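Subject: Structure handover

Hello,

Here is the structure for your files. My notes on it follow below.

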Amino acid sequence: MNPSLIYPGIYRIRLPLAGKKPGPVNVYLFKGKDNITLLDTGTDLSWRYLESHLKKIGVCFSHIHRIIMTHGHVDHYGAASRIFFNGKRNATVIAHAADRRPIETGTDVPSDAYRRFLVATGTPVIYHFGIVPMFFLFRKRLARPCPVHETLNLSEPLLMGDYRAKVIETPGHTRGSVCLLLEKEGILFSGDHILPHITPNAFPMLEKSGLPVRSSQNEFYESLERIKIIAPQIIYPAHGKMIRDFESVHNMYKTCFAQRQDSILRTVQNNPGKSIYDMARIHFPEISGSRRFILDLYLAVSEVYTHIQVLEKLGRVRTLFTNRILLVEYIQ
Ligand SMILES: [Zn+2]
Ligand SMILES: [Zn+2]
């Protein structure tokens with residue numbers, strides 16, 4: 001059923017999202033006595049669905065007091081601008097300070113940063129012309145930039161409907177990813193930090209200069225440990241079904257991560273002195289024939305790069321620049 005009442009005063013609304021993974025977006029409406037809060041919005045392409053589903057529970061865009069984003073990806077903030085402006089600017093838009101820029105401008109770093117990253121990873125120039133515009137067009141189609149009126153206050157509980165949620169910072173998937181915890185009820189709204197069916201991408205956190213300083217994989221797993229300590233009874237993710245057994249999802253992530261890291265290390269060992277791009281092509285040969293080649297190529301390069309960051313920290317590989325390209329060596 002859509003929308004479905006998942007807890008007193010809390011509704012889940014499932015909105016369409018193109019592609020098989022990660023699947024439809026779950027947004028959550030907290031309908032309280034004096035406060036109506038929407039957690040995530042879906043893309044700008046699905047705002048009419050959202051509007052009609054909200055009507056079924058007696059809510060119009062202009063009734064919404066707060067729009068809170070779990071992070072700055074298009075499937076989570078894409079319709080925020082539409083809801084805000086069509087709702088007579090009644091809502092306050094709230095997000096983590098670190099994801100404010102992508103929500104307000106449509107991109108977390110200038111396009112030059114992507115180019116610099118592609119150069120450093122050894123990705124041939126011919127693909128730069130596909131990858132960089134692809135991101136901008138993709139974002140433009142799925143999201144309208146939206147003003148962020150408030151950044152999340154991490155020291156105070158956040159009013160959502162009749163509930164007070166604790167904001168848990170969970171960087172990794174993006175810089176400003178957060179989970180929201182209803183402590184008394186033992187319920188966690190995990191955004192894309194915890195998904196039941198796939199391991200969330202830890203995208204490289206590009207700097208203006210191109211190469212990331214922060215390690216998204218390491219931060220993602222540190223954030224996961226934070227959730228393990230909290231041990232929520234129920235997790236409502238932004239894609240897929242409710243999770244009751246966090247332990248088994250956590251174990252699945254750890255196994256996948258260890259296997260991927262192991263096989264990337266073996267790729268480095270067998271192909272010394274190669275670029276990240278070369279290793280991505282060796283490691284993921286299947287992308288060559290894919291219809292979404294440009295996107296898959298970028299994801300493959302990102303995946304190898306973020307794992308190399310972890311392996312370098314562990315002292316298993318070393319990287320060095322040669323002619324502006326980062327080459328990777330196995331450490332015996
Ligand atoms: Zn995301
Ligand atoms: Zn998502």
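In which sense do strand E2 and strand E3 pair, and over how many bridges? Strand E2 (residues 10-15) and strand E3 (residues 25-31) are antiparallel, and their pairing runs over six bridges. Within this pair, Tyr11 has Leu29 of E3 opposite to it. Please keep in mind that this is a predicted model.

The sheet

E2 and E3 belong to an open sheet of seven strands, in which the pairing is mixed. The order across the sheet is E1-E2-E3-E4-E5-E6-E7. Strand E1 (4-7) and strand E7 (150-151) have a single partner strand each, so they form the edges, and one side of each has no neighbour in the sheet. Helix H1 (residues 47-56) lies across E2 and E3. The direction of H1 is at about 150° to that of E2.

The helix pair H8 and H10

Two packed helices are described by the angle between their axes and the distance between the axes. For helix H8 (residues 246-270) and helix H10 (residues 293-313), the axes come within 10 Å and the crossing angle is roughly 90°. An angle of 65 to 115 degrees counts as roughly perpendicular, so that is the term for H8 relative to H10.

Which residues meet where H8 touches H10? From H8 they are Arg260, Gln261, Ile264 and Leu265, and from H10 they are Val304, His307, Val310 and Leu311. By class, this contact of H8 with H10 has five nonpolar residues, two polar and one charged.

The domains

Where the two domains touch, 16 residues of domain 1 are in contact with 15 residues of domain 2. The domain 1 side of this contact is made up of six nonpolar, eight polar and two charged residues.

The protein as a whole

The protein has 10 helices and 15 strands. Its radius of gyration is 20 Å, and the globule rule for 332 residues gives a value close to that, 20 Å, so the protein is as compact as a globular protein of that length. Taken along the principal axes, the C-alpha atoms fill a box of roughly 65 × 40 × 35 Å.

Regards

Terms used. Residues are numbered from 1 along each chain as its sequence is written. Chains are lettered from A and ligands numbered from 1 in the order in which they are written. This is a predicted model: local features need pLDDT of at least 70, side-chain atom pairs count only at pLDDT 80 or more; totals for chains, interfaces and linings use all residues. Axes are lines fitted to C-alpha atoms, for helices over the stretch in contact, and angles run from 0 to 180 degrees between N-to-C directions. Helices (H or I, at least four residues) and strands (E, at least two) are DSSP runs, numbered from the N terminus. Angles under 35 degrees count as roughly parallel, over 145 as roughly antiparallel, 65 to 115 as roughly perpendicular and the rest as oblique. Two residues are in contact if their C-beta atoms, placed from the backbone, lie within 7 Å. Ala, Val, Leu, Ile, Met, Phe, Trp, Tyr, Cys and Pro count as nonpolar, Asp, Glu, Lys and Arg as charged, and the others, Gly among them, as polar. Two strands pair if DSSP finds at least two bridges between them. The radius of gyration is taken over C-alpha atoms; the globule rule is 2.2 Å times the number of residues to the power 0.38.
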